[in-house]
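This briefing covers fold, helix packing and selected residues. The structure comes before the notes.

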Amino acid sequence: MAVNLTTLDLLTVAVYIAIVLYIGYSAHRKQSTEDFLIAGRKLKTIDNAATIIASKIGAAVVLTFVALYYLYGISAMWIFVGVSAGYIVFIPFAMRLRKVSTSQEFYTYSDYFFHRHGKTVGYATALAILAVTLFVLLIQLIGGAKILARLSGFSYAVSLTAILITVSVYI
């Protein structure tokens, strides 16, 4: 059952999209590539941790965890324990990585692996990160389009197209 949106609702969504696009455009004009990719290497530890957490939370996580809860019940909550433990174990590596990446001016994890382990490992990590990123993006697009279609009454194709255009223009 689709929710019928009023003209005011659609106008609110249109204004929101316009604001997002304006922020993307104005930020683009003021930032260098290094500012965009790695915040100009100026983030403190708490800011960096918040950025990493914010980049992990999205439709992909919500949809995946909802599916896990549906399939496995409350025992799926253990995934949070595993993810949290993984981040805690990662802290010493992240601290070393920050020191090396600042002196070597790395932009990505793959840059580190190219430097430390050579081309084969560097390309393998780049490919793995690309695959994960593409799958997460796909889940985000599917989830966003389904939500927009459900709330707006637009078809899934129209909703997906609207999201793709907005994201493409923003980028």
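In the packing of α4 against α7, A59, A60 and L63 of α4 meet V136, I139, Q140 and G143 of α7, where contact means heavy atoms within 4.5 Å. Helices (H or I, at least four residues) and strands (E, at least two) are DSSP runs, numbered from the N terminus. The model is predicted: local features need pLDDT of at least 70, side-chain atom pairs count only at pLDDT 80 or more, and totals for chains, interfaces and linings use all residues. Residues are numbered from 1 along each chain as its sequence is written, and side-chain values use heavy atoms, with hydrogens and water left out.

**Packing of α4 and α7**

- By class, this contact of α4 with α7 holds five nonpolar, two polar and no charged residues; Ala, Val, Leu, Ile, Met, Phe, Trp, Tyr, Cys and Pro count as nonpolar, Asp, Glu, Lys and Arg as charged, and the others, Gly among them, as polar.
- The axes of α4 (residues 59-72) and α7 (residues 119-152) come within 8 Å and cross at roughly 80 degrees. Axes are lines fitted to C-alpha atoms, for helices over the stretch in contact, and angles run from 0 to 180 degrees between N-to-C directions.
- α4 and α7 are therefore roughly perpendicular to each other; angles under 35 degrees count as roughly parallel, over 145 as roughly antiparallel, 65 to 115 as roughly perpendicular and the rest as oblique.

**Other helix pairs**

- α5 (78-104) packs with α6 (residues 109-117) at an angle of about 80 degrees, their axes 11 Å apart. That makes α5 roughly perpendicular to α6.
- On the α5 side the contact is made by F90, F93, L97, V100 and Q104, and on the α6 side by Y109, Y112 and H115. Its classes are six nonpolar, two polar and no charged residues.
- The axes of α1 (residues 7-30) and α8 (residues 156-170) come within 8 Å and cross at roughly 25 degrees, and these helices are therefore roughly parallel to each other.
- I17, V20, L21 and G24 in α1 meet T166, V169 and Y170 in α8. The residues of this contact divide into five nonpolar, two polar and no charged.

**Overall fold**

- The protein chain has eight helices and zero strands, in the pattern α-α-α-α-α-α-α-α along the sequence.
- Its radius of gyration is 20 Å, well over the 16 Å that the globule rule gives for 171 residues, so the chain is more spread out than a compact globule. The radius is taken over C-alpha atoms, and the rule is 2.2 Å times the number of residues to the power 0.38.
- The C-alpha trace spans about 55 × 45 × 30 Å along its principal axes.
- Of the 171 residues, 14% count as buried. Buried means under 20% relative accessible area, exposed over 50%, and partly exposed in between (1.4 Å probe, protein chains only).
- Among contacts between residues at least 6 apart in sequence, 45% join residues at least 24 apart.

**Serines**

- S75 lies in the loop between α4 and α5 and counts as partly exposed at 42% relative accessibility.
- A polar atom of the S75 side chain lies 2.8 Å from the backbone oxygen of Y72. A polar contact is a pair of N or O atoms within 3.5 Å; within protein, one must be able to donate a hydrogen and the other to accept it, and residues adjacent in sequence count only if both atoms are side-chain atoms.
- The C-alpha atoms of S75 and L134 are separated by 28 Å, with the two residues 59 apart along the chain.
- S101, in α5, is buried, with a relative accessible area of 14%. Not counting residues up to four places away in sequence, S101 touches R41 and F106.
- S152, in α7, counts as buried at 10% relative accessibility. A polar atom of its side chain lies 2.6 Å from the backbone oxygen of L148, and the S152 side chain reaches the backbone nitrogen of F154 at 3.0 Å.

**Around α6**

- E105 is in the loop between α5 and α6 and counts as exposed at 52% relative accessibility.
- The phi of E105 is near 60 degrees, a positive value in a residue other than glycine. Most residues other than glycine have a negative phi.
- T108 caps the N-terminal end of α6, with a side-chain oxygen 3.3 Å from the backbone nitrogen of S110.
- Just after α6, G118 takes a positive phi of about 100 degrees.
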